[in-house]
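Trainee: I'd like to learn how to read a structure like this one. Can we go through it together?

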Amino acid sequence: MWQEMAKYGKKLVDHGLVESNFGNISVRIANKMIITRSGAALDEITENSVVEVPVEGTSELDLIASTETIVHRAIYRNTPALAILHAHCPYSVAQTLIADSDSIVPIDSEGMHFLHEIPIFKGMMGSAELAEGAAKALSDHRGAIAYSHGTFAVGKTLADAYVVTTQIEHSCRIKYLVDLAKK
């Protein structure tokens, strides 16, 4: 599974959706998840860059797992997701900082069709508040953005979550550019 995670980690970095040592990736397998380690370079994932931890409860490996492990657990407990990508997409983060509501409504045709709206939720990195906000937002949506932090996208596969991540960033970039042009 780490090879699949490596593939999408590299794509995230190569396409500017995250800086190498930020963001995280996980895949659920039964009652466990494989998640990137804290500080792992997403464009250089190896077998040693991931750990397996339980979805319920905690593990000694939580000490080296991503700081967002609590968020991934909450999402897996409250949604049918089997894969999660967390990226720090620049236009998505920027849109949370200038939004005047708790969601972003895409203005591009693909965003309107596939995303409808993109929830924004709050919480500090790795916090229970962030975990609760992400789980709530993703119970009704395939992607959401943590205020000032980044996107969380879910799917049955990493490919699904990657497409949602790119759709969110595309819609946020289009909205930003159109709003800028109107000024």
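Mentor: Helices (H or I, at least four residues) and strands (E, at least two) are DSSP runs, numbered from the N terminus. Residues are numbered from 1 along each chain as its sequence is written. Keep in mind that this is a predicted model, where local features need pLDDT of at least 70, side-chain atom pairs count only at pLDDT 80 or more, and totals for chains, interfaces and linings use all residues, while side-chain values use heavy atoms, with hydrogens and water left out.

Trainee: Is A153 buried or exposed?

Mentor: Buried means under 20% relative accessible area, exposed over 50%, and partly exposed in between (1.4 Å probe, protein chains only). A153 has 0% relative accessibility, so it counts as buried.

Trainee: Which residues is A153 in contact with?

Mentor: Contact means heavy atoms within 4.5 Å. Leaving aside neighbours within four places in sequence, A153 is in contact with A83, I84, L85, R142, G143, A161, V164 and T165. Take R142 from that list: R142 and A153 are 11 residues apart in sequence and 5.8 Å apart in space, C-alpha to C-alpha.

Trainee: In what order do the strands form the sheet?

Mentor: Two strands pair if DSSP finds at least two bridges between them. Here eight strands form an open sheet, in the order β3-β2-β1-β4-β8-β7-β6-β5, with mixed pairing. At the edges are β3 (50–54) and β5 (103–104), each pairing on one side only. For a parallel case, look at β6 (residues 118–121) and β7 (residues 143–146), which pair over two bridges. There, F121 stands opposite A146 in β7.

Trainee: And how do I describe two packed helices?

Mentor: You give the angle between their axes and the distance between the axes. Axes are lines fitted to C-alpha atoms, for helices over the stretch in contact, and angles run from 0 to 180 degrees between N-to-C directions. Here α1 and α6 (residues 158–182) pack at about 10 degrees, with axes 10 Å apart. That makes α1 roughly parallel to α6; angles under 35 degrees count as roughly parallel, over 145 as roughly antiparallel, 65 to 115 as roughly perpendicular and the rest as oblique.

Trainee: Which residues make that contact?

Mentor: From α1 you have E4, M5, Y8, K11 and L12, and from α6 there are L158, A159, Y162 and T165.
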